[in-house]
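This report describes a single protein chain from its overall layout to individual residues. The sequence and structure are shown first.

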Amino acid sequence: MNSNISEKWAREKLIPNLPENAVVNIDNAPYHSVQINKIPNSIIHSPGDLKVDLLQLVKLNTPKFKTYKFDLILQEHGFKVLRLSPYQCVYIWSDIKRQIRIINPIADMDMNKLLRETEQARNKTSNDRWQSYCKHVKKFELKYLEKDAIIEEMCESLQISLMDDKESDIEYDSEATISAESEDDNI
């Protein structure tokens, strides 16, 4: 699956079969998550800007909300989009979608049949499997929170040095000179 096929399916199969004012739950699959308003790769700034200034520039240039192409397609037709949290139910949906793809490889099934097949695939998922996926997600979230705390701590001590090439060369040369003088003292 890719974003073009997913968007085509949404326009031709999903949207015509949705009831008016429907709310559509979207997972975070890459083909649903083509972001329109990405964070810029570079931001113009002055070489003398302090860390606080740079952080403010990043904040000003970061979109408040992510805008996804797939969401806009649905919203243009009056539907509301509700995105699942990352990894929430991804494992179960992955199983269900795999089963649906086996019986519908070109994604041309009518909506009523798709709903019946999805319900059947969901019912095939055992309670043990649901529980194991939930435990896995909880464990993953705890690891993420631990890493987030470490990253936050590291960022607090982060120093950003902005020098032009001449200043950098002078500093490097003076360090080399100091290093060479220290070696001479030891001889």
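## Basis and overall architecture

Helices (H or I, at least four residues) and strands (E, at least two) are DSSP runs, numbered from the N terminus. The structure is a predicted model, in which local features need pLDDT of at least 70 and side-chain atom pairs count only at pLDDT 80 or more, while totals for chains, interfaces and linings use all residues. Residues are numbered from 1 along each chain as its sequence is written, and side-chain values use heavy atoms, with hydrogens and water left out.

The protein chain contains 7 helices and 2 strands, arranged from the N terminus in the order α-β-α-α-β-α-α-α-α. Of its 187 residues, 19% are buried, where buried means under 20% relative accessible area, exposed over 50%, and partly exposed in between (1.4 Å probe, protein chains only). A contact requires heavy atoms within 4.5 Å. Among contacts with a separation of 6 or more, 77% join residues 24 or more positions apart.

## The largest pocket

The largest pocket holds about 1000 Å³ of space, and 32 residues line this pocket, those closest to its centre being W9, W93, K97, L114 and T118. On a 1 Å grid over the protein atoms alone, a pocket is an open set of points where a 1.4 Å probe fits, with protein on both sides within 12 Å along at least five of seven lines; lining residues have an atom within 4 Å of a point. Grid points are joined across faces, edges and corners, and the volume is the space filled by probe spheres set on the points.

At least two lining residues come from each of α1 (3-17), β1 (23-26), α4 (90-103) and α5 (111-123). Helix α5 gives the most, with 6 residues. By class, the lining comprises 21 nonpolar, 6 polar and 5 charged residues; Ala, Val, Leu, Ile, Met, Phe, Trp, Tyr, Cys and Pro count as nonpolar, Asp, Glu, Lys and Arg as charged, and the others, Gly among them, as polar.

## W9 in helix α1

W9 belongs to helix α1. This residue counts as partly exposed because its relative accessibility is 23%. Beyond its neighbours within four places in sequence, W9 is in contact with L14, A107 and L114. The C-alpha atoms of W9 and A107 are 7.2 Å apart, although 98 residues separate the two in sequence.

## T125 and W130

T125 is placed in the loop between α5 and α6 (127-156), and W130 lies in helix α6. T125 counts as buried because its relative accessibility is 10%, whereas W130, with a relative accessible area of 29%, is partly exposed.

Neighbours within four places in sequence aside, T125 contacts I92 and W130. With residues up to four places away likewise excluded, W130 touches I92, R122 and T125. The C-alpha atoms of W130 and Y91 are separated by 8.9 Å, the two residues being 39 apart along the chain.

## Other local features

N21 lies in the loop between α1 and β1 and has a positive phi of about 60° although it is not a glycine. N21 is exposed, since its relative accessible area is 57%.

The charged end of R83 sits over the ring of Y68, 3.8 Å from the ring centre; this description applies if NZ of Lys or CZ of Arg is within 6 Å of the ring centre and within 35 degrees of the ring normal.
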